[in-house]
Amino acid sequence: MSRFVKVALLAGGLVFAAGCQGGARVASIGKPAVHVGSTRIGAVLLPAEFRALHPELEKLFNQPVVFDPYLNGEMIGKQLDGGYVQFAVLTAREYAETPVDSKAELVAGGLNSDGKPARKGLIITKASSNLQSTADCKGQRFAFGPANDLLLDNAARAALEKAGVSPADLKKELPPLSLDGRLHCPFGAADVAKNVAFDGGIACGVIDEMTWSAMPATGGSILGGASKDQLRVIGETEAVAELVVVASPKTDPAKVQLLREYLLSGVKSNPEVCKQMGVSGFGAPDSTLYSDARKLTKVQ
């Protein structure tokens, strides 16, 4: 196959893939696409989190919109700075992975179900435990969330250190179950809560505020999950920001403003957009929260 044919097939495939992301409106045909970077990957390239957002953006910009998948925030940051993608949707950790000198502009920050731009981790123990503070976790088995989770791992370790509990002070988990010596619950905060409540060998752990709020007051079970009366909160972590939408420094300022206005007010007309993205809405982004996220990634 000639090089010319290969290039033609590749170009055709990219056009097809862009069309499969929802299909640009007829008025948009022939116009250059607006590219949005994220680490999400979905069927025919359109992630489930952005299915409702996609047609809204095409109407907003009157152009095709393509969601480009990348491996991590560092790669997305470089694409933003180079102007290869115009916008990106990032978690706090992914934002923290972007180059420190990145000129990407914060457009809007996600709000959680409490209407807050960030959430704290709560250090919990069994209701019957003698532990009274984060410092009392010394010498205990501590349940973290997934490895490298900015809130349920990094922020939790920072809170323990602040209370005088070093990594060496916690009971070590042995390989092959743990490569870093920490006990990780891969299914998240609800998994942590269940392990702390029902596993006699796990004295404490960390969950997030939203998980605590959603737990029933009573009636917890090993099958259905823990309830609040089975646990006590003995400490908390720093707050970690929710997701953020950012713009390339090379994106047309008029487009940036269009997107900002849509996210801060217009998105309310389509609740499905926020539901799929896992937020209750958007607010003006707090740059301090995202700067703090960078610091948390340095926790050893």
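A search of the whole structure, a predicted model, finds one cavity of 30 Å³ or more. The largest cavity has a volume of about 70 Å³, while about 470 Å³ of space lies in the largest pocket. The protein has 300 residues, 47% of them buried, and its secondary structure amounts to ten helices and 13 strands.

**Overall form**

- Taken along the principal axes, the box filled by the C-alpha atoms comes to roughly 70 × 45 × 35 Å.
- Among contacts with a separation of 6 or more, 77% are between residues 24 or more positions apart.

**The largest cavity**

- The lining consists of Val 36, Leu 53, Leu 57, Phe 67, Phe 87, Val 89, Val 245, Leu 259, Leu 263 and Met 277.
- By class, the lining of this cavity has ten nonpolar residues, with no polar and no charged ones.
- Three elements each supply at least two residues of the lining: α2 (53–61), β3 (87–90) and α8 (253–264).

**The largest pocket**

- The volume of the largest pocket is about 470 Å³, and of its 21 lining residues the closest to the centre are Thr 91, Arg 119, Asp 149, Ala 241 and Glu 242.
- Two or more lining residues come from each of α4, α5 (150–162) and β11 (240–241).
- Helix α5 gives the largest share of the pocket lining, three residues.
- The pocket lining divides into ten nonpolar, four polar and seven charged residues, whereas the lining of the largest cavity has no polar and no charged residues.

**Helix α2**

- Leu 53, His 54, Glu 56, Leu 57, Glu 58 and Phe 61 are the buried residues of α2.
- Two of these buried residues, Leu 53 and Leu 57, also line the largest cavity.
- The elements covering the buried residues of α2 include β1, β2 (65–69), β3, α8 and α9 (271–277).
- After α2 comes Asn 62, which has a positive phi near 55°.

**Helix α3**

- In α3 (residues 73–82), the buried residues are Gly 73, Ile 76, Gly 77 and Leu 80.
- These four lie on the same side of α3, because the arc they cover around the axis is only 105°.
- That buried set packs against β1 (34–38), β3, α4 (92–97) and β12 (244–247).
- At the start of α3, the backbone nitrogen of Glu 74 has a side-chain oxygen of Asn 72 within 3.2 Å.
- Just after the helix, Gly 83 adopts a positive phi of about 80°.
- Strands β1 and β3 are among the elements that pack against the buried residues of α3, and both are also among those covering the buried residues of α2.

- Thr 134 sits in the loop between β6 (121–126) and β7 (142–144).
- With a relative accessible area of 9%, Thr 134 falls under the 20% cut-off and is therefore buried.
- Beyond its neighbours within four places in sequence, Thr 134 contacts Ile 123, Ala 159, Leu 160, Ala 163, Val 165, Ile 234, Gly 235 and Glu 236.
- Val 233 belongs to strand β10 (residues 231–236).
- The relative accessible area of Val 233 is 39%, so this residue counts as partly exposed.
- Neighbours within four places aside, Val 233 is in contact with Leu 122, Ile 123, Ile 124 and Trp 212.
- Val 233 and Thr 134 are 99 residues apart along the chain, with their C-alpha atoms separated by 9.3 Å.

**Val 100**

- Val 100 is located in the loop between α4 and β4 (105–111).
- Its relative accessible area of 71% makes Val 100 exposed, since exposed means over 50%.
- From Val 100 to Ala 43 the C-alpha to C-alpha distance is 32 Å, and the two residues are 57 apart in sequence.

Terms used:
Residues numbered from 1 in each chain as written. Heavy atoms only, no water. 1 Å grid on protein atoms, 1.4 Å probe; cavity = no way out; pocket = protein on both sides within 12 Å on 5 of 7 lines; lining within 4 Å. Points joined across faces, edges and corners; volume = space filled by probe spheres on them. Nonpolar A, V, L, I, M, F, W, Y, C, P; charged D, E, K, R; others polar. Buried < 20%, exposed > 50% of the residue type's maximum accessible area, 1.4 Å probe, protein only. Contact = heavy atoms within 4.5 Å. Arc of directions from axis to C-beta. Polar contact = N/O pair within 3.5 Å; in protein donor to acceptor, adjacent residues only side chain to side chain.
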